[in-house]
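Here are a few exercises to work through with the model open beside you. Try each task before you read its solution.

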Amino acid sequence: MKSSSTKKYSPTKGISLTQRDWPNQVISSPPIWASVDLRDGNQSLPVPMSIEEKLEYFDLLVSIGFKQIEVGFPSASDTEFNFLRRLVKEKRIPNDVTIQVLVQAREHLIHKTFQAIEGTKSAIIHLYNSTSPLQRKVTFSDASKEQIKQIAIDGTLLVKQLTANLQETNITFQYSPESFSDTETDYALEVCEAVMDIWQPTTENKIILNLPATVEWNTPNVHADQIEWFCKNMQHRDKAIISLHTHNDRGTGTAATELGLLAGADRVEGTLFGNGERTGNLDIVTVALNMNSHGINTGLDFSNLSSIRNTYERVTKLTVPDRQPYAGELVFTAFSGSHQDAIKKGIDRRAKDLKQDPNTQFAIPYLTIDPMDIGRSYEAIIRINSQSGKGGVAYILESEYGLHLPKTMHPTVGTQIYGIADKLGRELDPAEIKTAFFETFVNTHTPMELVDYELDHSAGSRGQVSCAATITLNGNKQNISGLGNGPINALTEAFANAGLKNFHLTDYRSHAITGGSDSDSAAYIQLQSDESTNLIWGCGIDSSIEMAGLYALVSAWNTLQTSNQ
Ligand code: KIV
Ligand code: ZN
């Protein structure tokens, strides 16, 4: 923004509190959750959901555990009206779920809303009118504070009158001073108290006062101050449920909600993944999982978040961004090498700690929760690009393919694989990493291929083995033989006898491959060149552990020739 442009905006006003209690509070229990996906969420979709899609979404919300679900604005459109009628007719609303319907404080709309809820066991009638100075001036053409308050009073009177005639539906009344976040807080309270005077809530049958940050104009601390001031200054706090309904214009909807809860609110309205007008409503998934990550049981079940996201994306035709907290594709993925190494160490350490104490608290560097708790897996955590660390490739080969590379081999393999990622200019998936590893290090056959070999354990003195091998070198067949104290040593001697030994063998490891479909073994051999300080690794994989060792030697030898050139 140009500096001249900033002149048209006013500094934040804030709210003067003599004593501020919310900074000293902690969130220790969940609020009442109310989904507004099917109303605020739906009304902001470029392609609103069809009735069939809304029915599927409603069932999804029920399965997650929402007990209060705003099902629309039934007086505003036939689709919304018919959707609610389908829910009732098809008996889709579980006994412990209360539907909520939004209505403006206007007479004919309130009448239609009561028709829409006929046959429901319980319903929240959610009445709203806008109260801020800007809305009073612009939308209500300079209406006075008294006139705006009167709209709320008239609406409440009518809802009260119609409720008295209802037999079968248990009504809870909710009032929202829309645009609360930029309404004078004392005036918002005045309107809400006028509504309470009419409705006459009790401690058993409380009114819901929903205090929306319809537009997020301020930093979250100001929102918290507004909520705390409101709660502390109302006359009958015990007869009201204070509800939050934040939007995300400044990108701090989650923070505003969390601070609003510290400030005394009891209930939270929001949507899955933050769908809603403009930058969206509060993302309930984030707030609930934030609570889970501090050990609070929220009553909402996001243990299969990927499947919830799939349904959401299909019916809303929106896409959850890759970096969306908890739900985004990349949020359990570390690209940075140091992060990958720390995560791998954390996973290994945790496995060890759990063996000693199954109740060990979750603590892995860079992971706020265990991805498994929301149906995601560790395999996707580490992905490889050219900035990744040496541990990343080793982790993938171990966790996906059961290959336990010796630690000293990690840098060699890492450098090779990252070079490929760098050339391609993109990340490699596990299958590509495996292919690249195999092509470079495993059972290689250029310039030398081990075609055949025979071992004779009775040859030479006790414990000695003789090896007769057929190799091709640069396409030419050759028979070589040697005697040693084991197959690898015997083949090394055969190399020496044929004038092919230009190395010392400096390391050898082998293991059975874990988690694979067959029972192959892997062997790793490190050679040091006679001509340089180069340390070279090769790997052999075969159903015979002996053969795996010989392949590893030949593979290392092949690499040595290239590195000596
Ligand atoms: O954001 C808002 O103010 C609303 C009201 C209708 C509660 O959605
Ligand atoms: Zn809203």
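## Exercise 1: around ligand 1

A polar side-chain atom of His245 sits 3.1 Å from an oxygen atom of ligand 1. A polar contact here is a pair of N or O atoms within 3.5 Å; within protein, one must be able to donate a hydrogen and the other to accept it, and residues adjacent in sequence count only if both atoms are side-chain atoms.

Before going on, note that this is a predicted model, where local features need pLDDT of at least 70, side-chain atom pairs count only at pLDDT 80 or more, and totals for chains, interfaces and linings use all residues. Residues are numbered from 1 along each chain as its sequence is written, chains are lettered from A and ligands numbered from 1 in the order in which they are written, and side-chain values use heavy atoms, with hydrogens and water left out.

**Task.** Find which residues are around ligand 1.

**Solution.** 
- Step 1: look for residues with a heavy atom within 4 Å of the ligand.
- Step 2: check the side chain of Arg39, which has an N or O atom 3.1 Å from an oxygen atom of ligand 1. For Asp40, too, the distance from a side-chain N or O atom to a ligand oxygen is 3.1 Å.

## Exercise 2: the zinc ion

**Task.** Work out which residues coordinate the zinc ion (ligand 2).

**Solution.** 
- Step 1: search for donors, meaning N, O and S atoms within 2.8 Å of the metal (3.2 Å for Na, K and Ca); water is not among the atoms, so sites may look incomplete.
- Step 2: read off Asp40 (OD), His245 (NE2) and His247 (NE2), at 2.0 to 2.1 Å.
- Step 3: write their spacing in sequence as D-x204-H-x1-H.
- Step 4: ask how covered the histidines are. His245 has a relative accessible area of 5% and His247 has 4%, so both count as buried (under 20%; exposed is over 50%, partly exposed in between, with a 1.4 Å probe and protein chains only).
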